[in-house]
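Subject: Structure handover

Dear colleague,

Please find the structure below, together with its sequence. My notes come after it.

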Amino acid sequence: MKNVLEFLLNAGKLKEIPRTGFVWLGIKNPETIAQHIFRVVFLNWVLGTRVTPKINLEHVIKISLVHDLCEVYAGDMTPYWGLLPKDEKKKIEMLKRWVRLPKEVKERRDKIKFKKEEKSLQRLIKDLPFKIRKEIESYWLEYERMISREGRFSKQGDKVETLLQALEYWGDSPDSPVIGWWEEVEDLVDQPVLREFLKKIEKRFYHKGNVNGELDFFLELGKMKARPQKEWKDQKLRRYETVAERSFLTALLTWVLGEKAGLKMGSAIKMVFVYNVYEEIFSKKGNFDFVLDSNFKDETINLWDQVKKLSSFEGKFIKEAHWLIGYLQALQYFKENPNFPILDWFKEGKGIITILDLLELKNEMEEKFLPTKKRKILGIN
Amino acid sequence: MKKFYLTKQGLENLKKNYEILKELRRIKIQGGVPEILESEDLNPEYLSYSEDINLLDSKLFELKNILENTEIIKKPSLEKQNIIDFGATVVVGIDGQEDEFMIVDPLESNPSLGKISSESPVGKALLGHKVGDEVIISSPIKIVYRIKKVKYDSL
């Protein structure tokens, strides 16, 4: 189980790595890679339901979830790597437009980037069970090389999500860097469902027109990127784990341990995202105006219910995994600050985890972050 | 049956991917098939396993179908080599910068490698144009592509 814990701790670093392009362009506290992955999963899932002929949504969700895992060690290598001038003004000017290069140079640069990222991904997953490792590698490859309909769709959705985020930062201001992202999607996006969605984005941001509630739903999800998980609201912390980030890491845990437990993975990973987000959005508002597609609405409410009511094994697993990832974050906060109230979490955890593999992981976490010496000081056992 | 028009390299890549998926399927079944029933209930491990295998089988089927219906793109006749068609490598000028890419079937596209889908806005707009033409892409900001060169040497 040590391998799973190490994997989660390392993948969890994506909660702290901001997206380079937005940093370079001066956005204060821009989204992290984990936050971006979170909305890519949702966007590709929701829009993926309309693709014809049908694509496999479980596949799409898993590809979206792993597409940037390589950035744990490789960093966020934007298309501008190695090209930017030192002069700050010239650099910003270059970043405002899409990179244009000879084909042979593109191929050469892609080879270097690919190797670095592949190595980074392999380092991250090296101790995971063989089957899962192979699965993650193959999904990443499908995205990176666009070698399946699901991989091509996921990559295109990934870029559409980034464009949407850029528009949320800069709006339609004529001199903004958003044009560079538009140029990128004009080269890349050929999928009709995504093209149609881009038209809606254009209508909303440039012509202030009304589009259906689907875009509102994604904009609401955008807020979850930065919204702290509710458990932290009374704490003073260096940085707050957000709703998006909890979902991201819980989904990885579910994937890595759920297979062995026999979870129906297709619905289990969806359940992770729905549970955390719907608790945030809909428990308060109590309406589903955003989600217009009735099939999607019915499916996701059902998934949410399964976790709330613990009415399926998947629901039970997700509820426990969600708590466990919160506990992992709490233990990390405690490591940074010995005054963090870890005792409450420790006591709560006594009866909360019942699934064997999760229990084993919990023990491993406590051994790492609360060794005997520390427990004695805290007066716990 | 739909025909796919790929470059030689595109076809090779597709064959490689087919082999990767076959290998993944082999790894999946290596550990043996879990029991279907666990006491009187369906074994969740079996359900999860069979979902994965079905998924891989449908991918393999899809790829096999593409491989069986692919034609390699041929160079157009000399007099048509200044016109942009599938497989053309195009050099364009855009606001003082120069870009170069090949126009390919969506299956083969990957702009990071300089391969743009014939169904993307840029690919669609350029098809059928020739050296000297100006093509405007406008969503939502107008960008002018000035076609400088059209080549078919890499086919």
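The notes cover numbering, the contact between the chains, a helix pair, a sheet and some backbone details.

The model is predicted, so local features need pLDDT of at least 70 and side-chain atom pairs count only at pLDDT 80 or more, while totals for chains, interfaces and linings use all residues. Residues are numbered from 1 along each chain as its sequence is written, and chains are lettered from A and ligands numbered from 1 in the order in which they are written.

Chain contact

Chain A gives 32 residues to the contact and chain B gives 39; two residues are in contact if their C-beta atoms, placed from the backbone, lie within 7 Å. On the side of chain A that touches chain B, at least two residues each come from helix 7 (103–125), helix 8 (130–144), helix 10 (178–188), helix 11 (192–206) and helix 14 (265–285) of chain A. Helix 10 of chain A has the largest share, six residues. By class, that side of chain A holds eleven nonpolar, six polar and 15 charged residues. Here Ala, Val, Leu, Ile, Met, Phe, Trp, Tyr, Cys and Pro count as nonpolar, Asp, Glu, Lys and Arg as charged, and the others, Gly among them, as polar. Helices (H or I, at least four residues) and strands (E, at least two) are DSSP runs, numbered from the N terminus.

Helix pair in chain A

Helix 3 (residues 33–48) and helix 9 (residues 149–170) of chain A pack at about 120 degrees, with axes 9 Å apart. Axes are lines fitted to C-alpha atoms, for helices over the stretch in contact, and angles run from 0 to 180 degrees between N-to-C directions. The two helices of chain A are therefore oblique to each other; angles under 35 degrees count as roughly parallel, over 145 as roughly antiparallel, 65 to 115 as roughly perpendicular and the rest as oblique. Residues of helix 3 of chain A in this contact include A:His36, A:Arg39 and A:Leu43, and those of helix 9 of chain A include A:Phe153 and A:Glu161. The contact of helix 3 with helix 9 of chain A has five nonpolar, five polar and three charged residues.

Sheet in chain B

Chain B has an open sheet of five strands in the order 7-6-5-9-8, with mixed pairing; two strands pair if DSSP finds at least two bridges between them. Strand 7 (115–117) and strand 8 (134–138) of chain B are at the edges with a single partner strand each, so one side of each has no neighbour in the sheet. The twist averages 45 degrees from one strand to the next. Strand 5 (residues 89–94) and strand 6 (residues 97–104) of chain B are antiparallel over six bridges, and B:Val92 has B:Asp99 as its bridge partner. In their hairpin, with two residues between the strands, B:Asp95 has a positive phi near 45 degrees. Strand 6 and strand 7 of chain B run parallel, joined by three bridges.

Backbone details in chain A

Most residues other than glycine have a negative phi, and most peptide bonds are trans. The bond between A:Thr52 and A:Pro53 is cis, with omega about -15 degrees. A:Met146 has a positive phi near 50 degrees and, with 26 C-beta neighbours inside 10 Å, counts as buried. A:Leu310 also has a phi near 50 degrees, but with 15 such neighbours counts as partly exposed. A residue is buried if 20 or more other C-beta atoms lie within 10 Å of its own, exposed if 12 or fewer, and partly exposed in between, with C-beta atoms placed from the backbone.

Regards
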